[in-house]
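Please walk through this protein model with me, from strand pairing to side-chain contacts. Have the sequence and the coordinates open as you read.

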Amino acid sequence: PLTVDVIGGPLDTPYAVRLRELAASDPRISFRGPVPHEALGDVLGVVDVLLVPSRALETGPLVILEALAVGVPVIGTPLGGIAELVEDDRTGKLLPDVGAAAWSQALAWLAGNPDALARWRGAIGPQRTMLDAARDMVTVYDAVVTRPLAARGRA
């Protein structure tokens, strides 16, 4: 059994309308639109795997951080921050192709290898928090501010 919940983004764009039209005859596919941040934990708590089929460079995809924080593996495209957060075949899967055929093959493979989800879940360790990120930024800024100008290439 497979269900697909498309979550996020406005539902009234031409692209979203077209997707809903294409999926209208399949009761396994639902479009939920944006989810309030406070409800995200509940939504992710029942997800087997998060799919992030990004076609654009993602610098720090929060939804992936949130999924990994609750132990949900991720399948995504290897663009920017996605490739930095998802360890291929360890905490999820990185698909080298953003085309529909690659996604179809990946999902078919996953359906035939359900043990992969358990393996991926088991490999997801504690995730960095926003406090961790803030501390890292303070360290970087402190190093830049306290380093002498000559060390930064200026006399």
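Predicted model: local features only at pLDDT ≥ 70, side-chain atom pairs only at ≥ 80, totals over all residues.

**Salt bridges, strands and rings**

Asp 26 and Arg 28 form a salt bridge, and their closest N and O atoms are 2.8 Å apart. Side chains of opposite charge can pair when their charged atoms come close.

How many salt bridges does the structure hold? The count is eight. Two others deserve a look here. Arg 90 forms a salt bridge with Glu 87, with 3.1 Å between the closest N and O atoms. Arg 90 is at 42% relative accessibility, so the label is partly exposed. Glu 87 has a relative accessible area of 40% and is partly exposed too. Next comes Arg 128, which forms a salt bridge with Asp 136. Here the closest N and O atoms are 2.3 Å apart. Arg 128 reaches 51% relative accessibility; the cut-off for exposed is over 50%, so Arg 128 counts as exposed. Asp 136 stands at 40% relative accessibility and counts as partly exposed.

Now turn to the strands. Strand S1 covers residues 4–7, and strand S2 covers residues 29–33. In which sense do S1 and S2 pair? They pair in the parallel sense, over four bridges. Val 4 stands opposite Ile 29 in S2. Ile 7 stands opposite Gly 33 in S2. Between the two strands, the chain passes through helix H1, residues 14–23. This β-α-β crossover is right-handed.

Move on to the loop between helix H4 (81–85) and strand S5 (92–94), where Asp 89 lies. What is the phi of Asp 89 near? The value is near 60°, which is positive in a residue other than glycine. Most residues other than glycine have a negative phi. Asp 89 has a relative accessible area of 35%, so this residue is partly exposed.

Leu 94 lies in strand S5. Is Leu 94 buried or exposed? Its relative accessible area is 15%, so Leu 94 is buried. The C-alpha atoms of Leu 94 and Ile 82 are separated by 8.3 Å, with the residues twelve apart along the chain. Leu 85 lies in helix H4. Leu 85 is partly exposed, at a relative accessible area of 25%. From Leu 85 to Pro 61, the C-alpha to C-alpha distance is 8.7 Å, while the two are 24 residues apart in sequence.

The aromatic side chains come next. A pair of aromatic rings is described by the distance of the centres and the angle of the planes. A search of the whole structure finds one aromatic pair. Trp 109 belongs to helix H5, residues 100–112, and Trp 120 to helix H6, residues 115–123. The pair links distant parts of the chain, eleven residues apart. Their accessibility differs in class. Trp 120 has a relative accessible area of 0% and is buried.

Last, look at the surface. Which residues form a nonpolar patch there? The members are Met 137, Val 140, Tyr 141, Val 144 and Val 145. Together they have about 500 Å² of accessible area. Tyr 141 is placed in helix H7, residues 130–146. Tyr 141 has a relative accessible area of 54%, so this residue is exposed.

Note on methods
Residues numbered from 1 in each chain as written. Heavy atoms only, no water. Phe/Tyr/Trp six-rings, centres within 6.5 Å; stacked < 30°, edge-to-face > 60°. Buried < 20%, exposed > 50% of the residue type's maximum accessible area, 1.4 Å probe, protein only. Patch = residues over 30% accessible without salt bridge, like charges linked within 9 Å, V, L, I, M, F, W, Y side chains within 5 Å. Areas by Shrake-Rupley, 256 points an atom, 1.4 Å probe, with all protein chains shown as cover. Salt bridge = Lys/Arg side-chain N within 4 Å of Asp/Glu carboxyl O. Pairing = 2+ DSSP bridges. Right-handed = clockwise from strand over helix to strand, strands pointing away.
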